Amino acid sequence: MKAETLVQLAKSLLYEKALVKLDGKFVGAVAAISDDRDHQDLNYNEIFMRDNVPVMIYLLLEGKFEIVKHFLNTCLRLQSDQFQTKGIFPTSFVEINGNLVADYGQRAIGRVCSVDASLWWVILAYIYVKKSGDRTWASTFEVQIGIQHFLNLILHPTFRDAPTLFVPDGAFMIDRALDVWGNPLEIQVLLYGALLSAVGLIQVDIEEKGYLDSGSSDDLSNPEHTPENIFTGKQFYQKSYAIAWLKKLRSYMLKNYWVNSRIVQTIRRRPTEEYGDSVANEYNIQSETIPHWLQEWLGEEGGYLIGNVRTGRPDFRFFTLGNCLGATFDLISPPQQRSLFHLMYQNQSALFAQMPIRICHPPLESEDWRKKTGYDRKNLPWCYHNGGHWPCLFCFFVIASLRHRQHQLSVDSVVIDILLHDQYELLLQRLPQQNWAEYFDGPKGVWVGQQARLYQTWTIVGFLLAHHFLKVNPADANIMDLPNLKVISRK
Ligand code: GLC
């Protein structure tokens, strides 16, 4: 099919079939378009936060700011005010007989709770304000109190000193048991992005209120304890706490998650059973946990952020979304980004193959699959989350690599261009043929996922985004640029 025809088809699927209305206005898109509106398939008729991330980014590029604002406001309305979960945003919501019903995990299969939705809301809110220029919205009490409740969830005392967010299994896009409990990469990278965004949004409010010139919380040492002063005092406090957290998180991630060939060789030779303040092997990792496939996977120049850091049990699997977002949010430095793209290029037969991109590599197999997934038939090796290929992920790779290229011309950019071009052609050919399936199975991603939904919204919109960045306006790849840590630390 010709690119232009396919773009028109994808656009009409989005605007005419996937987007749904609330209070008479478009509010977001269902996860998958069903043939039969009366017979809804599980919860794929709901509006998921994470599935709507590409949708909202696309709508921002199309200048449809009202829809994005309505989406953000609706999620804000649904932000939990229950004692135990106060401040979290719903994984998904749906209107049933005139009532807005939200799922925070209490209705989900296996009762998994999504942590990524809360982190994504703040990031999307920041991107919306930056792109639309709607600072007035950012400065409303509703938005700022929503951010305060969100930050209260994260910036509070805990039993651990590590700056990472400890979560149960299946707390993000991988929303089933897959041994991704603890400190999975995607959550930590989203946490980094969400804290940057929260600081950026608080800053907008401080500027709008004219506190900028006096510059610090000194203004608020004013003993007059009016509700406004208490509120703004909390904003200043949370902002500086968040910046301190961000710095700690970034250096922690670079120290504990980033690996390349040199680092692996160092960690293999570290002592174990150390105790005290300055030790080489803080998490008491035995060298046997380091898999042999890493040698070829990393090669001489490759590098990436590993999947999880836990006492004695690091997870060396490669997770695509966490790595791409780590580059997009500049959690990893420009030279590290170059090593990441180098690694992805050199492992393209595993990651891209016949459908970009594999969600994680390698899959859990045999006893690992049985024990760690609990015999999950949806997550058989090389299927679904367990090594399946998800076309919706391609646009995140496109954003990360184009953005990197805009900032740093590197020798590798030519090979990445070829890769991007080839993968785009593959999508063009295969997606309409396979009815915009949700995911693809097998070592090469040839087979349509055994239980994949067809006409999956983020597959459709992921293609529209890839088309936009690669064929219409590559400069728009800066849409996900977040505040720069160095700059906000100076303010
Ligand atoms: C599946 C995916 C999840 C997605 C949902 C709706 O549960 O694992 O990431 O949000 O479907 O598409």
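1. In strand E5, the bridge partner of Glu95 is Leu100, and that of Val94 is Val101, while Ile96 stands opposite Asn99. These pairs belong to the contact between strand E4 and strand E5 (residues 99-103), which pair in the antiparallel sense over five bridges. Strands here are DSSP runs of type E with at least two residues, helices are runs of type H or I with at least four, and both are numbered from the N terminus; two strands pair if DSSP finds at least two bridges between them.

2. This is a predicted model, in which local features need pLDDT of at least 70 and side-chain atom pairs count only at pLDDT 80 or more, whereas totals for chains, interfaces and linings use all residues. Residues are numbered from 1 along each chain as its sequence is written, and side-chain values use heavy atoms, with hydrogens and water left out.

3. E4 and E5 form a hairpin with two residues between them, and Asn97 in the turn has a positive phi of about 45°. E4 (residues 92-96) is also joined by two bridges to strand E3 (residues 47-48), and these strands run antiparallel; Phe48 has Ser92 in E4 as its bridge partner.

4. Where do E3 and E5 stand in the sheet? The sheet is open, has three strands in the order E3-E4-E5, and shows antiparallel pairing. E3 and E5 stand at the edges, each with a single partner strand, so one side of each is left without a neighbour in the sheet. Helix H3 (residues 65-77) packs on the sheet and touches E3, E4 and E5, and its direction makes about 90° with that of E4.

5. The axes of helix H2 (residues 52-61) and helix H4 (residues 116-132) come within 11 Å and cross at roughly 5°, which means that H2 is roughly parallel to H4. Axes are lines fitted to C-alpha atoms, for helices over the stretch in contact, and angles run from 0 to 180 degrees between N-to-C directions; those under 35 degrees count as roughly parallel, over 145 as roughly antiparallel, 65 to 115 as roughly perpendicular and the rest as oblique.

6. Which residues of H2 and H4 meet? Val53, Met56, Ile57, Leu60 and Leu61 in H2 meet Trp120, Leu124, Ile127, Tyr128 and Lys131 in H4, where contact means heavy atoms within 4.5 Å. The residues of this contact divide into nine nonpolar, no polar and one charged (Ala, Val, Leu, Ile, Met, Phe, Trp, Tyr, Cys and Pro count as nonpolar, Asp, Glu, Lys and Arg as charged, and the others, Gly among them, as polar).

7. The largest nonpolar core has 169 residues, and those with the most contacts inside it are Trp121, Tyr304, Met344, Phe397, Phe463 and Met480. Helix H7 (residues 185-208) gives the largest share of this core, 15 residues. Such a core is a set of buried Ala, Val, Leu, Ile, Met, Phe, Trp, Tyr and Cys residues joined through side-chain atoms within 4.5 Å; buried means under 20% relative accessible area, exposed over 50%, and partly exposed in between (1.4 Å probe, protein chains only).

8. Some backbone details deserve a check. A cis peptide bond joins Pro356 and Ile357, with omega about -10°, and the bond from His361 to Pro362 is also cis, with omega near -10°. Glu273 has a positive phi of about 55° although it is not a glycine, and Glu273 is exposed, with a relative accessible area of 61%.
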